[in-house]
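Subject: Structure for you to look at

Hello,

Here is the structure I promised to pass on. Please open it alongside this note; my findings follow below.

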Amino acid sequence: MLRWRGSTAPTAAETSPQKDERQARVPPKRKQRSALSVLLLLLASIAIGILVIAPAVFYVSPWIRHKTVFLTFVNLPPFPRLNDPRSYDLRCAHNFYLDSEEAGLQLGAWHIPPASSVDRLGCDKLDQDWFAHDKRPIVLYLHGNGGSRAGGHRVSLYKVLTGHMDAHVLAVDYRGYADSGSGPGGPSAEALPRDARTALRWLQARTAGRPLIVWSHSLGTGVAVRLMEEL
């Protein structure tokens, strides 16, 4: 004999949509408290990371301190045309390399002549001797951390110095930056002033008696102060 076994029909109370809604509904205040708790937890985690974890890591890791201070890994613009400074609209500019006081170490540099000399002589004559054609002042530019001598804000400054100030500009990348060599130990508080001194002595040997200005920015300000102390 076959028997039919069906499911028991639900009662009216069990199928009531009002009861389902009451069971699924979460009070608005509880939702707000939950969202606020998540937000506070997130803010607390960020605060702990900034105020506790980051300083602790910075303190115990010399490698991180070094990278954070000098930022040699930050290269803006990302693919600088260091061999072609004229492509940045720096008229008659030259790329060259200074031999450091330390054997085997070379520092990448740009020379940008003053606007008056460019207008009067053109690039051909200026290519022969950069400083023999005028008595204009010379600016040694010491940049801050990160990037290179091709940084956009630095290029803008060169144009102001060579245009409005009508000066020569020598912009140098310290060791470990851009296409300069790393040298023993890379950049440091002791090494960067030596690189600046290399550039300064190179200028002094070619421009005796000429007005010479050391223009620095950010990290370069500390380098300039150390350089002046040694003179």
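A residue counts as buried when its relative accessible area is under 20%. Y158 has a relative accessible area of 0%, so Y158 is buried. Y141 has 2% relative accessibility, so Y141 counts as buried too. Bear in mind that this is a predicted model.

The sheet

Five strands make up an open sheet. Their order is β1-β2-β4-β3-β5, and the pairing is mixed. β1 (94–99) and β5 (212–216) are the edge strands, each pairing on one side only. From one strand to the next, the twist averages 25°.

Look at β3 and β4 in particular. β3 covers residues 138–142 and β4 covers residues 168–172. The two run parallel and share five bridges.

The helices on it

Helix α6 spans residues 191–206 and packs on the sheet. It touches β1, β2 (106–112), β3, β4 and β5. The direction of α6 makes about 170° with that of β3. Helix α7 (residues 219–230) lies across β3 and β5. Its angle to β5 is about 145°.

The aromatic pairs

How many aromatic pairs does a search of the whole structure find? The count is nine. Two of them deserve a look.

Start with F131 and W202. Their rings are edge-to-face, at 6.2 Å centre to centre and 70° between the planes. F131 belongs to the loop between α4 (115–128) and β3, while W202 is in helix α6, so this pair ties together parts that are 71 residues apart in sequence. Both F131 and W202 are buried.

Next, take Y141 and Y158. Why is this pair edge-to-face? The ring centres are 5.7 Å apart and the planes stand at 80°, so the pair falls in that class; the cut-off for edge-to-face is over 60 degrees. Y141 is in strand β3 and Y158 is in helix α5 (residues 152–163), so the pair ties together parts that are 17 residues apart in sequence.

Y141 and Y158 also belong to one aromatic cluster with Y88 and W110. Which residue lies over the face of Y88? That is R81, at 4.3 Å from the ring centre.

Over to you.

Best wishes

Conventions. Residues numbered from 1 in each chain as written. Predicted model: local features only at pLDDT ≥ 70, side-chain atom pairs only at ≥ 80, totals over all residues. Heavy atoms only, no water. Pairing = 2+ DSSP bridges. Helix = DSSP H or I, 4+ residues; strand = E, 2+ residues; numbered from the N terminus. Axes fitted to C-alpha atoms, helices over the stretch in contact; angles between N-to-C directions. Contact = heavy atoms within 4.5 Å. Phe/Tyr/Trp six-rings, centres within 6.5 Å; stacked < 30°, edge-to-face > 60°. Buried < 20%, exposed > 50% of the residue type's maximum accessible area, 1.4 Å probe, protein only. Lys NZ or Arg CZ within 6 Å of the ring centre and 35° of its normal.
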